[in-house]
Amino acid sequence: MDKYTLNILDQSHRGERSGRNDKEIIIHATDLINFCPRDFAICFKKKIPYHDNRYLNIGTSLTYNIGHKIQDIITSRFRKTKLLITSWECRHCGHIFFNLPTKNCVSCNSSALKAIDTRLSFPLSKGVIVSGGVDSFLLYIKDTAFSVEVKSIQRKDFEALQRPVSDHVKQLKIYLWLLKKGVKIKNNLIDSIKLNNSKGVVLYVAKEYQKMPYKPFKISSDKLTNDLLDNDIKQVKSFLKTGKLPKKICKDGYSSMARKCGRSVSCLGNKNETK
């Protein structure tokens, strides 16, 4: 029975993927954390997938599931305070709208609502979209709300955490940058509430017991990050317009980005330069 149970669980995880697909050409906020415009351009030009849509092993699959469930729990906690602002998806009719907590779908009046990430997107050209999904917004001062990015981590990492992880800081700053771009949120029913585009919070949640299981860190937008993001997008736009590849970032195949890049050979043009 024990082996049978394990076999059933193994079957339940089969076919799980990393969640990204390239049916639509999307540059995600998490792509922009360590972004190479040239890498994106090579994929676009050669018509190969930009994202690694790989199969997940059992451990990684379950870890992702736990992370999503913890995010759902935090959202439900925020919802109880009635200060949560997020996108809601109706499980009955599929309608999505952005609002404070509500009992019923504004389209079909069903009560089967699920809180989902709020998409911040804007088009570039030739079907290319820049997009990020904010976990939640919290109503703060009157008519103002700020973004919250939820990260669940192991106990030992949580206890040692003194400052937010740099990639998580960059991710939140990318959301703030998107808000500064004036992106329009789909079916926004509360456009009178201003979404703060200069400050937000990265919230860490311990996966195991802690007397205080939360560590929030306030993050501020900065000009340097915004300028770097503007420059990355400018290079992509130029490529889409002219077809000319952006300049190389890596000097050779030994640089940290080149070692992790699946297109380093195509980019650098010398197989002997990469390992």
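The buried residues of helix 6 are T225, N226, L229, D232, I233, V236, F239 and L240. Buried denotes under 20% relative accessible area, exposed over 50%, and partly exposed in between (1.4 Å probe, protein chains only). Seen down the axis of helix 6, these buried residues fall within an arc of 155°, so they line one face of the helix. The arc is taken over the directions from the helix axis to the C-beta atoms. An α-helix has 3.6 residues a turn, so residues three or four places apart point the same way.

The model is predicted: local features need pLDDT of at least 70, side-chain atom pairs count only at pLDDT 80 or more, and totals for chains, interfaces and linings use all residues. Residues are numbered from 1 along each chain as its sequence is written, and side-chain values use heavy atoms, with hydrogens and water left out.

Helix 6 covers residues 223-242, 20 residues in total. Its span from first to last C-alpha is 28 Å, close to the 28 Å expected at 1.5 Å a residue. The expected span is 1.5 Å times one less than the number of residues. Helices (H or I, at least four residues) and strands (E, at least two) are DSSP runs, numbered from the N terminus. At the start of helix 6, a side-chain oxygen of D222 comes to within 3.2 Å of the backbone nitrogen of L224. G243 follows the helix, with a positive phi near 85°. The face turned away from the buried side carries the exposed residues K223, L224, K234, K241 and T242.

The buried residues of helix 6 pack against strand 1 (25-28), helix 2 (37-46), strand 6 (128-134) and helix 5 (166-180). Contact requires heavy atoms within 4.5 Å. W177 touches N226, L229, D230 and I233, among others.

The largest nonpolar core has 45 residues. Such a core is a set of buried Ala, Val, Leu, Ile, Met, Phe, Trp, Tyr and Cys residues joined through side-chain atoms within 4.5 Å. I27, L32, L124, V130 and W177 have the most contacts inside the largest core. Helix 5 gives the most to this core, with eight residues.

Disulfides (cysteine sulfur atoms within 2.5 Å) number zero. The sulfur of C105 lies 3.8 Å from the closest cysteine sulfur, in C93, too far for a bond. C105 is buried, at 3% relative accessible area. The sulfur of C261 is 6.4 Å from its closest counterpart, in C36, also too far for a bond. C261 counts as partly exposed, at 22% relative accessibility.

Conventions: Polar contact = N/O pair within 3.5 Å; in protein donor to acceptor, adjacent residues only side chain to side chain.
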